[in-house]
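Subject: Structure handover

Hello,

Here is the structure for you to look through. My notes follow below it.

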Amino acid sequence: MNKLIGKVVLVESSQHMSMVDIDVSGDVFSSIVLETPATVPYLKQGSEITLLFKETEVSIGKNLVGLISLRNRFKATIVGLEKSDILTKVFLDYKNKEIISIISTRSAQKLGLVDGDEVEWLVKTNEVSLLKED
């Protein structure tokens with residue numbers, strides 16, 4: 001499981017759900033949660049929060065241009081690859097934090113991924129879970 005720590009910068013709520021923006025090292029991540037500040041008190045500006053997302057939910061892009069609906073799109077450097085016949089584990093250095101992506105080996109080959117490549121990693125807003133650790 002990928003894990004990052006950040007601070008809540010914005011919460012927009014409607015009925016029983018919220019769109020939460022979290023600053024992580026100067027980048028703003030977004031998460032949709034089925035909670036509101038009324039049901040979960042830590043959903044407020046300035047709260048420190050942990051972001052969690054599965055390795056299988058992290059996509060990799062090279063030479064991306066244009067707009068895309070995924071709000072969580074960040075640059076990183078490949079620092080390792082573990083290839084098997086079906087899946088490839090991609091180790092990324094994102095602002096001195098490790099992010100792991102598991103993609104198909106076919107995709108890794110098609111992208112021509114190698115150590116040192118500058119890539120973008122993406123994760124859908126609804127795949128980012130939030131956790132308040134005490």
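Is aspartate 21 buried or exposed? Aspartate 21 counts as buried, at 10% relative accessibility. Buried means under 20% relative accessible area, exposed means over 50%, and partly exposed is in between (1.4 Å probe, protein chains only).

Two points on provenance. This is a predicted model, where local features need pLDDT of at least 70, side-chain atom pairs count only at pLDDT 80 or more, and totals for chains, interfaces and linings use all residues. Residues are numbered from 1 along each chain as its sequence is written, and side-chain values use heavy atoms, with hydrogens and water left out.

Salt bridges

A search of the whole structure finds four salt bridges. The criterion is a side-chain nitrogen of Lys or Arg within 4 Å of a carboxyl oxygen of Asp or Glu. Three of them are described here.

Aspartate 21 pairs with arginine 71, with 3.7 Å between the closest N and O atoms. Aspartate 21 is in strand β2 and arginine 71 is in the loop between β5 and β6, so this pair ties together parts 50 residues apart in sequence. Arginine 71 is partly exposed, at 47% relative accessibility.

Lysine 95 and aspartate 27 meet at 3.3 Å, N to O. Lysine 95 sits in the loop between β7 and β8 and aspartate 27 in strand β3, so the link spans parts 68 residues apart in sequence. Lysine 95 is partly exposed, with a relative accessible area of 38%.

Aspartate 117 bridges to lysine 62, the closest N and O atoms being 3.1 Å apart. Aspartate 117 lies in the loop between α1 (105-111) and β9 (118-123), and lysine 62 in the loop between β5 and β6, so the pair ties together parts 55 residues apart in sequence. Aspartate 117 is buried at 14%. Lysine 62 is partly exposed at 23%.

Sheets

Helices (H or I, at least four residues) and strands (E, at least two) are DSSP runs, numbered from the N terminus. Two strands pair if DSSP finds at least two bridges between them.

Serine 14 has methionine 17 in β2 as its bridge partner.

Another open sheet has five strands in the order β5-β9-β6-β7-β8, also paired antiparallel. Its edge strands are β5 (59-61) and β8 (97-104), each pairing on one side only. Here the twist averages 45 degrees from one strand to the next. β6 (residues 72-83) and β7 (residues 87-94) pair over six antiparallel bridges. Isoleucine 78 stands opposite leucine 92 in β7.

Surface

Asparagine 96 is in the loop between β7 and β8. Asparagine 96 is exposed, at 73% relative accessible area. Its C-alpha atom is 9.3 Å from that of alanine 76, 20 residues away along the chain.

Leucine 10 belongs to strand β1 and is partly exposed at 38%.

Best wishes

Terms used:
Axes fitted to C-alpha atoms, helices over the stretch in contact; angles between N-to-C directions.
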